[in-house]
Amino acid sequence: MTTELITDLTIRDICKGFVYNELEGKGLFGWEGKLTIQPEYQRNYIYADGKKDVAVIESILKGYPIGILYFNRTLDGRYEVLDGQQRITSFGRFYTNKFAIKVNGIENYFGGLDEVVQEKFLNTKLLIYICEGEEPEIKEWFKTINIAGVKLEEQEMLNAVHSGPFVTLAKAMFSNTQNPMMQKWSTYLSGKPNRQDYLHTALAWVAKDEKKIDAYMSAHRRDTNINELVLYFNDVIAWIDSVFPDIYEEMKGQPWGELYERFHTQPYNPTEIGAKLKELKEDPYINNFRGSFEYVLGNCEDKRLLDVRIFDKATKEKVYNKQTAQAKEQHISNCPLCALGHDANRTRIWKLAEMDADHVTAWSKGGATDISNCQMLCQTHNRAKGNK
Ligand SMILES: [Zn+2]
């Protein structure tokens with residue numbers, strides 16, 4: 001039996017010639033008639049409950065993966081869906097306006113969606129395994145991918161497809177729960193080693209991109225060592241250890257491979273990094289401490305990573321009204337920085353919508369997000385100040 005991973009087919013391709021039988025409740029054909037969606041022995045379409053089918057469409061529109069689809073190539077060169085009927089029928093029915101989803105509270109059929117959204121939907125690429133072989137083999141394979149209803153994780157599937165000495169060695173290191181390093185790795189890695197999540201991460205790091213894992217495994221399939229994989233993985237872990245002196249639970253599942261690639265050639269002072277993180281962890285204005293690691297690695301420049309709490313509407317209005325009343329009395333601009341200038345804006349009274357709230361003492365220098373530290377600036381001045 002052979003298997004092949006196809007990654008360039010889109011929803012548009014599969015939806016071409018989509019046929020759904022309302023009477024039987026089955027998605028019948030797709031992909032210009034080449035694909036039989038629900039062969040005779042398959043259960044009927046059970047996703048048409050206004051929840052599961054909608055969830056499939058919402059996942060696609062949000063760019064979330066909808067999982068691997070499994071096709072079987074038949075002797076006459078056509079295809080049958082082994083796994084994925086429900087998902088395919090969901091997007092096929094949506095494409096043919098059989099049901100609607102809610103966008104901002106309004107029911108939307110595919111035909112009524114914005115053209116850009118339609119294109120995004122149709123251009124979504126699918127992850128499809130195509131297998132070819134004798135029926136008993138295919139049945140056996142289908143059984144293994146559905147053991148006790150537990151779907152194979154993507155990495156488990158990749159291990160099966162690229163089985164050989166490389167996978168055997170890699171699993172012995174990264175999927176073996178007896179490995180004494182597991183405890184340590186679990187600080188930085190998310191998922192479960194026995195479901196191949198750690199191996200998946202290690203491969204994504206060395207391949208520099210999760211999407212390149214398949215190609216990497218294919219290229220190394222017959223290797224009798226995993227030196228490159230191990231060296232790179234250990235480098236990343238050692239780098240994290242050397243830069244961050246303390247452990248935080250938010251370290252789990254960070255995109256460490258990517259951070260390593262971007263920042264490992266920069267020098268850091270671990271004592272300073274440790275102190276900064278401690279300060280950020282305790283800062284009540286930070287909504288997203290998870291972003292702190294990338295933030296400190298980037299020399300504390302990109303505040304957006306932290307999702308710092310901003311001034312609320314009531315505070316902004318209060319400060320605006322006070323500033324504007326004073327400015328009018330003094331015949332100067334209600335933007336204190338414009339008022340200092342010499343151009344026409346010196347006496348300009350900006351509307352509330354034309355101004356933004358600014359921390360008088362910068363948040364990064366300890367300034368609080370409360371009314372005593374709030375001033376309204378025109379957008380030009382606020383932006384100029386924000387960049388400093
Ligand atoms: Zn101004």
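Start with helix H4 (residues 115-122): its buried residues are Gln118, Phe121 and Leu122. "Buried" here is under 20% relative accessible area, with exposed over 50% and partly exposed in between (1.4 Å probe, protein chains only). The model is predicted, so local features need pLDDT of at least 70 and side-chain atom pairs count only at pLDDT 80 or more, while totals for chains, interfaces and linings use all residues. Residues are numbered from 1 along each chain as its sequence is written, and side-chain values use heavy atoms, leaving out hydrogens and water.

**Helix H4**
- Gln118, Phe121 and Leu122 sit on the same side of H4, because they cover an arc of only 90° around the axis (taken from the directions from the helix axis to the C-beta atoms).
- Helix H1 (11-15), helix H2 (52-62) and helix H3 (85-95) are among the elements covering the buried residues of H4.
- Helices (H or I, at least four residues) and strands (E, at least two) are DSSP runs, numbered from the N terminus.

**The zinc site**
- Cys335 (SG), Cys338 (SG), Cys378 (SG) and His381 (ND1) coordinate the zinc ion at 2.0 to 2.3 Å.
- Along the chain, these donors are spaced C-x2-C-x39-C-x2-H.
- Distant parts of the chain get linked here: Cys338 belongs to helix H16 (residues 336-339) and Cys378 to strand S11 (residues 374-378), 40 residues apart.
- Cys338 is buried at 4% relative accessible area, and Cys378 is buried too, at 2%.

**His220**
- His220 lies in helix H10 (residues 213-220) and is buried, with a relative accessible area of 19%.
- Not counting residues up to four places away in sequence, His220 touches Phe166 and Glu228 (contact means heavy atoms within 4.5 Å).

Definitions and conventions:
Donors are N, O and S atoms within 2.8 Å of the metal (3.2 Å for Na, K and Ca); water is not among the atoms, so sites may look incomplete.
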